[in-house]
Amino acid sequence: MAAATSIQPRLFTTFLGDCRFLPSHSIHHLFRFNPGRGNVSMKMSRTFSGLTNLLFNRGSNEEFADSKRQRLKPGTISPTRPVPNHIPKPPYVKSRKPPGIASGPEIHNEKGIACMRASGRLAAQVLQHAGTLVKPGITTDEIDQAVHQMIIDNGAYPSPLGYGGFPKSVCTSVNECICHGIPDSRALQDGDIINIDVTVYLNGYHGDTSATFFVGEVSEEAISLVKVTKECLDKAISICAPGVEFKQIGKIIHDHADEHRYGVVQQFVGHGVGRVFHSAPVVLHYRNNDRGRMVLNQTFTIEPMLTLGSINPIMWDDDWTVVTEDGSLSAQFEHTILITKDGAEILTQC
């Protein structure tokens, strides 16, 4: 589950003119990253309420010029699913407040590594199961139900549930949704792509992973975007090792995306993960000058988000769902990795 930065691109639209849609006081959620200060902060006020309505009041039959795909619209969100009392919950659930951000990296001893492997393995298994459910006609809420049940059946807690007010147990981001899509009543349609982002909290440790899946027969442009996004993640993981600068992750991802003329979303980033859901380091997926270096036994996520068109995000009025400003497709893949003496171990693969 990605964190969000405070980097503020320009928004140019035919109906709003030239404006800043993410001013310094308006990114509402999760995190922002201040490159100058090297830290992360939480929760700012929202100032563009009603923008979603403006986007959607252009007619329910609006389609893109190159396809029959229509823009996403919010569906109905079902009640929050219960978690048995015997399952340990992350501290932020009980507080019902946005969690603080750990400034230090997640570096583990042998016991911690074993716990991270267990949580990562379960997250991978849940994601794999969720992927088998993807087909035309299933709703994202049904996927959430299955994910929720599998996680609690294994004695774990679905980390997104209650995190900063998030109402569901998994993020389901369809088509132009960059990240943090809330599962709802919308049925998947033939030709869609969907990113499913799973995080589990098991024995006091979070495992975080995501993948983008095809729904039925998809376009060649969608296939290519998803393929290249996965390649970006694989290439980034391949260079990770003790002492490697984190900025090398952004460079290799950005270089590969550029080769295929895809955009790299900059506002949402990878992060440290382990005993807390989000911590240092902030892992940028684009070219940058971060001076930080990887440390032995450290765990963090890499989760590039690529787009066919604009990289500028717009947040819906649900305060979570983030979509591309032009409605172009977006894809994402994510793994939690452990830095070892030989390189990097992927913790979230079956």
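Me: In β21, which residue is the bridge partner of Ile339?
Reply: Ala344 is the bridge partner of Ile339. This is a predicted model, where local features need pLDDT of at least 70, side-chain atom pairs count only at pLDDT 80 or more, and totals for chains, interfaces and linings use all residues. Residues are numbered from 1 along each chain as its sequence is written, and side-chain values use heavy atoms, with hydrogens and water left out.

Me: How do β20 and β21 pair, and over how many bridges?
Reply: Antiparallel, over 4 bridges. β20 covers residues 335-340 and β21 covers residues 343-346. Two strands pair if DSSP finds at least two bridges between them. Strands are DSSP runs of E, at least two residues, and helices are runs of H or I, at least four, both numbered from the N terminus.

Me: How many residues lie between them in the hairpin?
Reply: The β20-β21 hairpin has 2 residues between its strands.

Me: Switching to helices. At what angle do α5 and α6 pack?
Reply: About 150°, with the axes 9 Å apart. Axes are lines fitted to C-alpha atoms, for helices over the stretch in contact, and angles run from 0 to 180 degrees between N-to-C directions. α5 is residues 220-238 and α6 is residues 247-259.

Me: Roughly parallel or antiparallel?
Reply: That angle makes α5 roughly antiparallel to α6. The cut-off is over 145 degrees for roughly antiparallel, under 35 for roughly parallel, 65 to 115 for roughly perpendicular, and oblique for the rest.

Me: Which residues make the contact?
Reply: From α5, Val228, Glu231, Cys232, Lys235 and Ala236. From α6, Ile249, Ile252, Ile253, His256 and Ala257. Contact means heavy atoms within 4.5 Å.

Me: Now β14. Why is it largely enclosed by the rest of the structure?
Reply: Because 4 of the 5 residues of β14 (279-283) are buried. Buried means under 20% relative accessible area, exposed over 50%, and partly exposed in between, with a 1.4 Å probe and protein chains only.

Me: Which strands pair with β14, and in what sense?
Reply: β6 (residues 102-105) pairs with β14 in the parallel sense over 2 bridges. β13 (residues 268-272) pairs with β14 in the antiparallel sense over 3 bridges. In general, strands of a sheet pair through backbone hydrogen bonds, either parallel or antiparallel.

Me: What stands opposite Ala102 in β14?
Reply: Ser279 stands opposite Ala102. Ser279 is also the bridge partner of Gly272. A hairpin of 6 residues joins β13 to β14.

Me: What is the strand order in the open sheet with β18?
Reply: β9-β18-β17, with antiparallel pairing. β9 (177-179) and β17 (313-315) stand at the edges with a single partner strand each, so one side of each has no neighbour in the sheet. The twist averages 45° from one strand to the next.

Me: How many bridges link β17 and β18?
Reply: 3 bridges, antiparallel. Met315 stands opposite Val322 in β18.

Me: And what is the order in the sheet with β16?
Reply: β12-β16-β19, an open sheet with antiparallel pairing. β12 and β16 (residues 305-307) pair over 2 bridges. Gly263 has Thr307 as its bridge partner in β16.

Me: Whole chain, then. How many helices and strands?
Reply: 6 helices and 21 strands. Of the 350 residues, 56% count as buried. Among contacts between residues at least 6 apart in sequence, 71% join residues at least 24 apart.
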